[in-house]
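Subject: A structure for you to look at

Hello,

Here is the structure I promised to hand over. Please open it first, then read my notes beside it.

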Amino acid sequence: MPAKGKHRRPKHHPITRKLALVGTGGAALTLPLISATTAGAVATTTAPAAHTAAPAAPTATPTTYSVVAGDTLSEIAADHSVSGGWKKLYAANRSVIGDNPSIIRPGIKLNLGTQGETARASRSAARPALAPAAKPAYANNLDGWIRESLDVMAKHGIPGTYNGIHRNVMRESSGNPLAINNWDINAQNGIPSKGLLQVIDPTFQAYHVPGTSQDSYDPVANITAACNYAAARYGSIDNVNGAY
């Protein structure tokens, strides 16, 4: 029996305590606007189970705009960075605009797309355009011609090194891109050897590499075609140490 003057603290019924928690927590519960139509949604809320599935990712929220006098679709699309411009804005709202996109009534609400779409469009508009990569500059001399040829060869998987090309160029033409052989058997047959690596026209045409000049005297085209031929016949221009 309790001592005189002391009073027992009243006990809350378990059910009463649970309902109190639901009642106080409900004030902070954010419900979708389209479903917050009855009190029954709150009444049926229960504490989550110990193991629940991960919540679904929130869906993108449509962004709307209420038309005012003087508005045009193009201005609205530009002001709100609508991806696709006024044409896409009109297509998405044709049912409320009507058949004439140049006439929009004040007060109608336009769907501008989702917040994610407009945010992406804003970022894209703010991002500066990337400048095209600068083409490497090559000197207009034997060194530059070889280096440019090597870059073209690399893109087409044609083997060869600077030293291998330079060695053969000096033997064949002494570095003169307009060199021509008018005395050997090829010249006698009417197809003289030409250019830095002394290539006859049929060989040049057969092993011409796309992206280079069609002129067999062109230094880069001549070197690249000759290296392509040497790769097919000898494995690489580096393996050529004499007439080829």
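Does Q198 count as buried or exposed, and at what relative accessibility? Keep that in mind while we go through the rest.

**The whole chain**

Please remember that this is a predicted model. The mean pLDDT of the chain is 78. Of its residues, 66% reach 70 or more. Be careful with residues 1–46, where pLDDT stays under 50. For that stretch the model has 4 contacts beyond four places in sequence.

The chain holds 10 helices and 2 strands. Starting at the N terminus, the order of elements is α-α-β-α-α-β-α-α-α-α-α-α. There are 244 residues, and 27% of them are buried. The accessible surface is about 16800 Å². Carbon and sulfur atoms account for 58% of that surface. Now take the contacts between residues at least 6 apart in sequence: 51% of these join residues at least 24 apart.

**The cores**

Nonpolar side chains tend to be buried together in soluble globular proteins. Here the largest nonpolar core has 22 residues. I165, I223 and C227 have the most contacts inside it. Helices α6, α7 and α10 each supply at least two residues of this core. The largest share comes from α10, with 7 residues.

Take C227 as an example from the largest core. Leaving out residues up to four places away in sequence, C227 touches M153, I158, I165 and I237.

**Helix α7**

Helix α7 covers residues 162–172. Its buried residues are G164, I165, N168 and V169. Why do they sit on the same side of α7? They cover an arc of only 125° around the axis, so they share one side of α7. What do the buried residues of α7 pack against? They pack against α6 (142–156) and α10. After α7 comes S174, with a positive phi near 60°.

Next, find N222 in helix α10, residues 219–234. Its relative accessible area is 0%, so N222 is buried. The side chain of N222 reaches the backbone nitrogen of L197 at 2.9 Å. Beyond four places in sequence, N222 touches K194, G195, L196, L197, Q198, V199, F204 and S216.

L196 is on that list. It lies in the loop between α8 (185–188) and α9 (201–207). L196 is buried too, because its relative accessible area is 0%. Setting aside neighbours within four places in sequence, L196 is in contact with several residues, among them W145, V169, G175, N222 and I223. G175 is 21 residues away from L196 in sequence. In space the two are 5.9 Å apart, C-alpha to C-alpha.

**N111**

For a look at a strand, go to N111 in β2, residues 109–114. N111 is partly exposed, with a relative accessible area of 33%. N111 and Y65 are 46 residues apart in sequence. Their C-alpha atoms are 6.7 Å apart in space.

Most residues other than glycine have a negative phi. Two residues are worth checking against that rule. The phi of S81 is positive, near 50°. S81 is found in the loop between α3 (73–79) and α4 (85–97). At a relative accessible area of 22%, S81 is partly exposed.

Q198 also has a positive phi, near 50°. Q198 lies in the loop between α8 and α9. And the opening question? Q198 counts as buried, because its relative accessibility is 13% and the cut-off for buried is under 20%. Q198 is also one of the residues that N222 touches.

Best wishes

Definitions and conventions. Residues are numbered from 1 along each chain as its sequence is written. This is a predicted model: local features need pLDDT of at least 70, side-chain atom pairs count only at pLDDT 80 or more; totals for chains, interfaces and linings use all residues. Side-chain values use heavy atoms; hydrogens and water are left out. Helices (H or I, at least four residues) and strands (E, at least two) are DSSP runs, numbered from the N terminus. Buried means under 20% relative accessible area, exposed over 50%, partly exposed in between (1.4 Å probe, protein chains only). A polar contact is a pair of N or O atoms within 3.5 Å; within protein, one must be able to donate a hydrogen and the other to accept it, and residues adjacent in sequence count only if both atoms are side-chain atoms. Contact means heavy atoms within 4.5 Å. The arc is that of the directions from the helix axis to the C-beta atoms. Accessible areas come from the Shrake-Rupley method with a 1.4 Å probe; for residues, only the protein chains shown count as cover. pLDDT is the predictor's confidence in each residue, from 0 to 100. A nonpolar core is a set of buried Ala, Val, Leu, Ile, Met, Phe, Trp, Tyr and Cys residues joined through side-chain atoms within 4.5 Å.
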